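Hi everyone, thanks for coming. Let me put the sequence and the model up on the screen before we start.

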Amino acid sequence: MFSTLFRRSGASAATIDHDAMVAAVNARTHTLVDVRETGEFRGGSIKGAMNVPLSAFDPDKIPSDKPVILFCLSGARSGVAMQAMEKAGRPNVVNYRPGVSGWRMNGLPLA
């Protein structure tokens, strides 16, 4: 349903724009993965997200029953996690590059 809202920027990095992210969160169609460190995650995250810190990131920890959206504070760490997911051969993974900062800048709450 949301696959047409994903963009590829460069050879491999798929991203999701803000409006598509909001739609995915509201529809609960994706596994949301916050790759910030545990202390950052405890300070608030996007509702419904699981925490898999980049410092201990393992693609096998991410459920494979839904498409995956990775995010962090600003898109850098989630980009690194995205590369790990691609190397592990995981399809249907995108990066929400605005991250938690972009989520907040758009006036949306953290859980």
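First, the ground rules. This is a predicted model, where local features need pLDDT of at least 70, side-chain atom pairs count only at pLDDT 80 or more, and totals for chains, interfaces and linings use all residues. Residues are numbered from 1 along each chain as its sequence is written, and side-chain values use heavy atoms, with hydrogens and water left out.

Helices here are DSSP runs of H or I with at least four residues, strands are runs of E with at least two, and both are numbered from the N terminus. Helix α3 covers residues 76-87.

Which residues of α3 are buried? They are Ser 78, Ala 81, Met 82 and Met 85, buried meaning under 20% relative accessible area with a 1.4 Å probe, protein chains only, and exposed meaning over 50%. Down the axis of α3, the buried residues fall within an arc of 110° (taken from the directions from the helix axis to the C-beta atoms), so they line one face. Ala 76 and Lys 87, on the other side, are exposed.

Now for the backbone. Gly 89, which follows α3, has a positive phi near 80°. Most residues other than glycine have a negative phi. Arg 28, however, has phi near 55°; Arg 28 sits in the loop between α1 and β3. Asn 92 has phi near 60° and lies in the loop between α3 and β6.

Methods: The expected span of a helix is 1.5 Å times one less than its number of residues.
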